[in-house]
Amino acid sequence: GGGGWAELERRARSYPEDLESLLSECHSAYFSARRTLLLGRLAEEIRGLDPTRADLVELVSYVHCNVE
């Protein structure tokens, strides 16, 4: 929600010397949320795949290259 942005703005104004640390926290939060969302969606896709087809191998390869 909007409260998160307000907190970021407050911290950036109050502690300008910590902007690098704040940016690092933002990146960590973003990638953590992204990973959670992707893993749920990938699990859903995997359940729908036929393990005897190449689709599963392609998906695992894609995940390995793009999620980790």
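Glu45 and Arg41 sit four residues apart in helix α2, so about one helical turn separates them. Helices here are DSSP runs (H or I, at least four residues), numbered from the N terminus. Quick note before you start: this is a predicted model, where local features need pLDDT of at least 70 and side-chain atom pairs count only at pLDDT 80 or more, while totals for chains, interfaces and linings use all residues. Residues are numbered from 1 along each chain as its sequence is written, and side-chain values use heavy atoms, with hydrogens and water left out.

**Exercise 1.** Work out how Glu45 and Arg41 interact, and what their network includes.

*Step 1.* Start with the rule: a salt bridge needs a side-chain nitrogen of Lys or Arg within 4 Å of a carboxyl oxygen of Asp or Glu.
*Step 2.* Check the pair: N to O is 2.8 Å, and the side chains of Glu45 and Arg41 do meet in a salt bridge.
*Step 3.* Look around: a network of salt bridges links Arg41, Glu44 and Glu45.
*Step 4.* Now accessibility, where buried means under 20% relative accessible area, exposed over 50%, and partly exposed in between (1.4 Å probe, protein chains only). Glu45 comes out at 35%, so it's partly exposed, and Arg41 is partly exposed too, at 44%.

**Exercise 2.** Find the salt bridge partner of Arg11 and say where the two residues sit.

*Step 1.* The partner is Glu25, with the closest N and O atoms 2.8 Å apart.
*Step 2.* Arg11 belongs to helix α1 and Glu25 to helix α2; they're 14 residues apart, and the pair links distant parts of the chain.
*Step 3.* Arg11 is partly exposed at 25%, and Glu25 is partly exposed at 40%.

**Exercise 3.** Describe how α2 packs with α3.

*Step 1.* Helix α2 (residues 19–47) and helix α3 (residues 54–66) make an angle of about 175°, and their axes are 12 Å apart. Axes are lines fitted to C-alpha atoms, for helices over the stretch in contact, with angles from 0 to 180 degrees between N-to-C directions.
*Step 2.* That angle makes α2 roughly antiparallel to α3 (under 35 degrees is roughly parallel, over 145 roughly antiparallel, 65 to 115 roughly perpendicular, the rest oblique).

**Exercise 4.** Classify the aromatic pair of Tyr30 and Phe31.

*Step 1.* Rings of Phe, Tyr and Trp (its six-membered ring) pair if their centres lie within 6.5 Å; planes under 30 degrees apart are stacked, over 60 edge-to-face, the rest tilted.
*Step 2.* Here the centres are 4.8 Å apart and the planes are at 80°, so the pair is edge-to-face.
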